[in-house]
Amino acid sequence: MDVSPDNSLVCSPAEAMERASATAWRVRAPAKLNLTLRVGPLRADGYHPLDSIVAKVTLYDELLIERAPDGVLELVCPDPQAGPAEGNLALRAARALRQRGGRGGARITLHKRIGVGAGLGGGSSDAARTLWALNQIWGLNLPPAELAALGASLGSDVPLFLGPPASRMRGRGEVLDPIDLPAFDALLVTPPVHCATGPVYLAFDAQNPGPLVAFDPARLTGHPVSQWDDRLVNDLYAPARQACPAVGDWADRLHERLGRPVHMTGSGSALFVLLADRQDGLALHAQLPPDLARCARLVGLNPW
Ligand code: C5P
């Protein structure tokens, strides 16, 4: 079964789920951008308190979910970057849902397009969309709050992918408030650099950070996108540069080439530049040297 065409520069919105055949569904799992990310000192439970404005964007992993006989639960991922299927978060999500009373089986084929170790939330999104789709396919119809709680047990970023296009995320990631964000476009650059979350948080801890600084969403929602650049902040940016120096190299090259503010999502390594519009993005892309251009895409706010 085919997947939708890949690697186009412009990433347009796609359907959340559509039928691929009588017994199979095509499910999209969007990436996220942390437009802002404030982080507080390590808590006793091993997590950090966050205050983040997160938006889902139009770059998708694609999952083909086929009905399978009861008892069969399989995941295949042709991309070696994703690691062994056994530990895959989407498969763990499917198993967790089965334990909640899901009847039936599933064969999941996962096509990765969202970089791994990039701060784009790909693995969490795959898990969230698997929960969401199988909840319907298996006719379980668990209410959204129950799915979100199940998601939170799998990973801090999972619940946000069950929510609206943009949220303010607090707690360790499980406290979500929807926010009304205007549509925006960004040039997303995903360097071929795997930036593991753990070492970035360790570098953050080594800075002896002060208390969490709240971020009022009105600082973005009350202003046009053209005024956002100076308001975006990511407390993990300096630690990511320290833990993963290649992130800093890519960010500096991008900034030198484009002369525009460069931001990082999550714990990195993906970087983004806010755009006036798509034309602006195409013009910027044309200025990039081939290695940067290959890793760049134009994305927008995901509509769902
Ligand atoms: O929840 P999840 O398994 O995705 O988190 C992975 C790691 O990221 C945690 O073990 C923790 O080290 C770090 N983390 C954190 N604070 C958060 C979220 C994640 O320290 N709010």
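Axes here are lines fitted to C-alpha atoms, for helices over the stretch in contact, and angles run from 0 to 180 degrees between N-to-C directions. The helix labels are DSSP runs numbered from the N terminus (helices are H or I, at least four residues; strands are E, at least two).

Before I go on, this is a predicted model: local features need pLDDT of at least 70, side-chain atom pairs count only at pLDDT 80 or more, and totals for chains, interfaces and linings use all residues. Residues are numbered from 1 along each chain as its sequence is written, and side-chain values use heavy atoms, with hydrogens and water left out.

Back to H1 and H3. Their crossing is right-handed; a crossing is left-handed if the near helix is turned anticlockwise from the far one by less than a right angle, and right-handed if clockwise. On the H1 side the contact has Leu89, Arg92, Ala93, Ala96 and Leu97, and on the H3 side Leu147, Leu150 and Leu154. Contact means heavy atoms within 4.5 Å. By class, that is seven nonpolar, no polar and one charged. Ala, Val, Leu, Ile, Met, Phe, Trp, Tyr, Cys and Pro count as nonpolar, Asp, Glu, Lys and Arg as charged, and the others, Gly among them, as polar.

Next pair. H1, residues 89-99, packs on H2, residues 122-137, at an angle of about 30°, with the axes 8 Å apart. That makes H1 roughly parallel to H2. This crossing is right-handed. H1 contributes Leu89, Ala90, Ala93, Ala94 and Leu97, while H2 contributes Gly123, Ser124, Asp126, Ala127, Thr130, Leu131, Leu134 and Asn135. Eight of these residues are nonpolar, four polar and one charged.

The remaining pair is H2 with H3, residues 144-154: the angle is about 140° and the axes are 10 Å apart. H2 and H3 are therefore oblique to each other, and they cross in a right-handed sense. Leu131, Trp132 and Asn135 of H2 touch Leu147, Leu150, Gly151 and Leu154 of H3. This contact has five nonpolar, two polar and no charged residues.

Now the ligand. Which residues surround the ligand? They are Gly46, Tyr47, His48, Leu50, Gly155, Ser156, Arg172, Thr197 and Tyr201, where near means that a heavy atom of the residue lies within 4 Å. A polar side-chain atom of His48 is 2.6 Å from a ligand oxygen atom, and one of Ser156 is 2.5 Å from a ligand oxygen atom. Arg172 uses a backbone N or O atom, 3.0 Å from a nitrogen atom of the ligand.

Last, the backbone. Most residues other than glycine have a negative phi, and most peptide bonds are trans. Asn141, in the loop between H2 and H3, has a positive phi near 55°. Gly268 and Ser269 are joined by a cis peptide bond, with omega about 15°. Ser269 sits in the loop between strands E9 (263-264) and E10 (271-275).

Notes
Parallel < 35°, antiparallel > 145°, perpendicular 65-115°, else oblique. Polar contact = N/O pair within 3.5 Å; in protein donor to acceptor, adjacent residues only side chain to side chain.
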